[in-house]
Amino acid sequence: MIEKMKFLSITGPKSDIDRVVSQYFSRYEIHLENALSELKTAKGLRPFVEANPYKDALQLSEELAGHLSGAKNTSAPSGMSAADAAEFIRNLTATMQEQNQKKEELQASLELLLASENQLIPYLELDYNIHSIMEFKYIKFRFGRFEKEYFEKFEKYIYDSLDTFLYKCHQDKQYVWILYFAPASIVQKIDAIYTSMHFERFYLPDEYDGTPKEAIHNLDEQIASIKASIAKIETKLADSLKKEEQRILEANVVLKDYTENFNIRKLAALTRSENNTFYILCGWMTARDADAFQKEVEKDEKAYCIIENDHSNLLSTPPTKLKNPKLFRPFEMFIRMYGLPAYNELDPTILIGITYSFLFGFMFGDVGQGLCLLFGGFALYKLKKMNLAAIISCCGFFSTIFGFMFGSIFGFENILEPRWLRPASAMTNLPFIGKLNTVFVVAIAIGMGIILLTMVLNIINNVKTHNIEGTWFDTNGAAGLVFYASMAAVIVLYMTGHALPATALLVIMFGIPLLLIFLKEPLTAVLEKKSAKPESGAVMFFVQGFFELFEVLLSYFSNTLSFVRVGAFAVSHAAMMEVVLMLAGVEAGTPNWLVVVLGNIFVCGMEGLIVGIQVLRLEYYELFSRFYKGTGREFEPFHHSL
């Protein structure tokens, strides 16, 4: 069922909009519309343009909340205003930014010290004061490294011929770190030769005192001191967050809620009356909520509510809010997959709930497997609240019923006596056709009944929307209903051996509906007082109408036969379980119970999935396509958390 909707316009002083939202929209669900679009005919309206003063505070609160660990309590706070929350967040952020800035400065110093230490480590074996080396006047020095391959070549072929002294400091698998000296007068020439051999020079800062080992020791002390300072700041920041955790979360909730309320301004309009400016909010409420809301607002001195009962004056169509009995709510999942019903459409939830479960049970009749689906689906729904699990449970209930009807329990057909028939063996003699499986006949009869029901529903839908063609002349309208019902009646009479109606009556029953379907366009035009002359010409109209009528007759036939699959799956289920029992050796009297169990699990899982898909296909293509469009838009209420 679809909840009845009413359209409301709410107005009051501009400065009072936040109070109204907080006070009322937390208790009443309203689907808001754009007031400027809905009230196009009203004069003097302008958009509600205003900047959110706490946008930056919300962003800061989100960042702070993101740093909190563990479960976050986001329950609504009490007594904290948006201004208080923003001030608290900004002050806390400023304090933490100050600490973070100190931390960043220390981190930068730490990185420089670590880089210096890494430069000195290869020269640990140099037992000489670095500062003294850097004060040489007539001898120049160079720190650096060679790749091992080039160092060996340099040492073997070039080194002895140069006026330079080389001190090898450290070596690993790839590089050799050295320190070389050269006279200041020829140092450029020496540098060029070293460079040609891929010498990579390092520049050590003139800040070290003592040997490299002593310098590294001093650096380690400085590094340890800085790390301790950084750790102290991090602890202080963590303690601050921990101490203020609850207030941060509360402030975040307040600012989020304020921003959500503030965004309502995008859907509101403003208007002036004398010296005052008023807001206008428009939206949909359920009839029950709308009446209660209006009564409550009548006592409010600053807010005023108007209910528009004539929906024809509105630009937007009412949204759809489904309200079905609890048993059928899980089946709304299938409705949403296809498309929600429009506000003036019939809600097919109960129909699909009954027909889906019934057809599934008919195609999958087994007491044991049905009970497994029933209780398994129910338990899963209770644990996980999965709609599909609830649907499986409903299907399991009907599977159990048809299991008793067919006398089948976990595939065994010698334990229970069938209350109706055995699907694989029950046959019926039909005139002209001969022997035919009974479940096939029943499946087609069920299909014809469902098709007739959907035609009636289509007529109701079209009457509600004042669609003349759909009501009277459509394939699934009154003309189609009369033709198909007549055909079904004739088939039943013939198959049961009863006398058929007179020929004249048959001509009326079949001929007139088909003629109305053939002439639906000009007849509709006449009733709607429009031009009945075909746009494409008389010849093309008759040619096109003939082939469309042929397609209609073919679709009636194919749609009816489509329900044969219902009986086919009932038979195939019995056949598959017979194969499982045969493989388990039941016929020999020494059953392998492991095979029986595994076979039941396999059939229940695989065939259950296939049957579920096939039934859904029947629902969508054979039922919904006849009467249901699914063009509705969902009721999306504004949620106020405070």
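This is a predicted model: local features need pLDDT of at least 70, side-chain atom pairs count only at pLDDT 80 or more; totals for chains, interfaces and linings use all residues.
**Exercise 1. Describe the surroundings of Tyr628.** Find where Tyr628 lies and which residues it touches.

*Solution.* 
- Step 1: Tyr628 belongs to the segment after H22.
- Step 2: its relative accessibility is 4%, so Tyr628 counts as buried.
- Step 3: leave out residues up to four places away in sequence; Tyr628 then touches Ile335, Tyr338, Gly339, Leu340, Pro341, Glu345, Leu346 and Pro348.
- Step 4: Ser558 is 70 residues from Tyr628 along the chain, and their C-alpha atoms are separated by 20 Å.

**Exercise 2. Classify two aromatic pairs.** Work out the geometry of Phe25 with Phe638, then that of Phe154 with Tyr159.

*Solution.* 
- Step 1: know what to look for. Two aromatic rings are described as a pair by the distance of their centres and the angle of their planes.
- Step 2: begin with the whole structure, where a search finds 45 aromatic pairs.
- Step 3: for Phe25 and Phe638, the centres are 6.0 Å apart and there are 70° between the planes. Planes over 60 degrees apart count as edge-to-face, and this pair is edge-to-face.
- Step 4: Phe25 is in the loop between helix H1 (17–24) and strand S2 (31–33), while Phe638 is in the segment after helix H22 (593–627). The pair links distant parts of the chain, 613 residues apart, and both residues are buried.
- Step 5: turn to Phe154 and Tyr159. Their ring centres are 6.1 Å apart and the planes lie at 50°, so this pair is tilted. Both Phe154 and Tyr159 are buried.
- Step 6: widen the view. Ring pairs link Phe154 and Tyr159 into a cluster with Phe146, Phe151, Tyr180, Tyr194 and Phe199.

**Exercise 3. Which rings have a charge over them?** Identify the rings that go with Arg145 and Lys385.

*Solution.* 
- Step 1: Arg145 lies over the face of Tyr175, 3.8 Å from the ring centre.
- Step 2: the charged end of Lys385 sits over the ring of Tyr381, at 5.4 Å from its centre.

**Exercise 4. Compare the linings of two spaces.** Describe the largest pocket and the largest cavity, together with what lines them.

*Solution.* 
- Step 1: the largest pocket holds about 550 Å³ of space. Its lining has 19 residues, and those closest to the centre are Ile444, Met448, Ile491, Met495 and Thr560.
- Step 2: helices H15 (438–464), H17 (478–495) and H20 (538–561) each give two or more residues to this lining. H17 gives the most, with six.
- Step 3: sort the pocket lining by type: 17 nonpolar, two polar and no charged residues.
- Step 4: now the cavity. The search finds one cavity of 30 Å³ or more, and the volume of the largest cavity is about 60 Å³.
- Step 5: its lining includes Gly365, Phe406, Glu413 and His573. Helix H21 (residues 564–583) supplies the largest share, four residues.
- Step 6: the cavity lining divides into five nonpolar, four polar and one charged.

Note on methods: Residues are numbered from 1 along each chain as its sequence is written. Side-chain values use heavy atoms; hydrogens and water are left out. On a 1 Å grid over the protein atoms alone, a cavity is a set of points where a 1.4 Å probe fits but cannot get out, and a pocket is an open set with protein on both sides within 12 Å along at least five of seven lines; lining residues have an atom within 4 Å of a point. Grid points are joined across faces, edges and corners, and a volume is the space filled by probe spheres set on the points. Ala, Val, Leu, Ile, Met, Phe, Trp, Tyr, Cys and Pro count as nonpolar, Asp, Glu, Lys and Arg as charged, and the others, Gly among them, as polar. Rings of Phe, Tyr and Trp (its six-membered ring) pair if their centres lie within 6.5 Å; planes under 30 degrees apart count as stacked, over 60 as edge-to-face and the rest as tilted. Buried means under 20% relative accessible area, exposed over 50%, partly exposed in between (1.4 Å probe, protein chains only). A charge sits over a ring if NZ of Lys or CZ of Arg is within 6 Å of the ring centre and within 35 degrees of the ring normal. Contact means heavy atoms within 4.5 Å.
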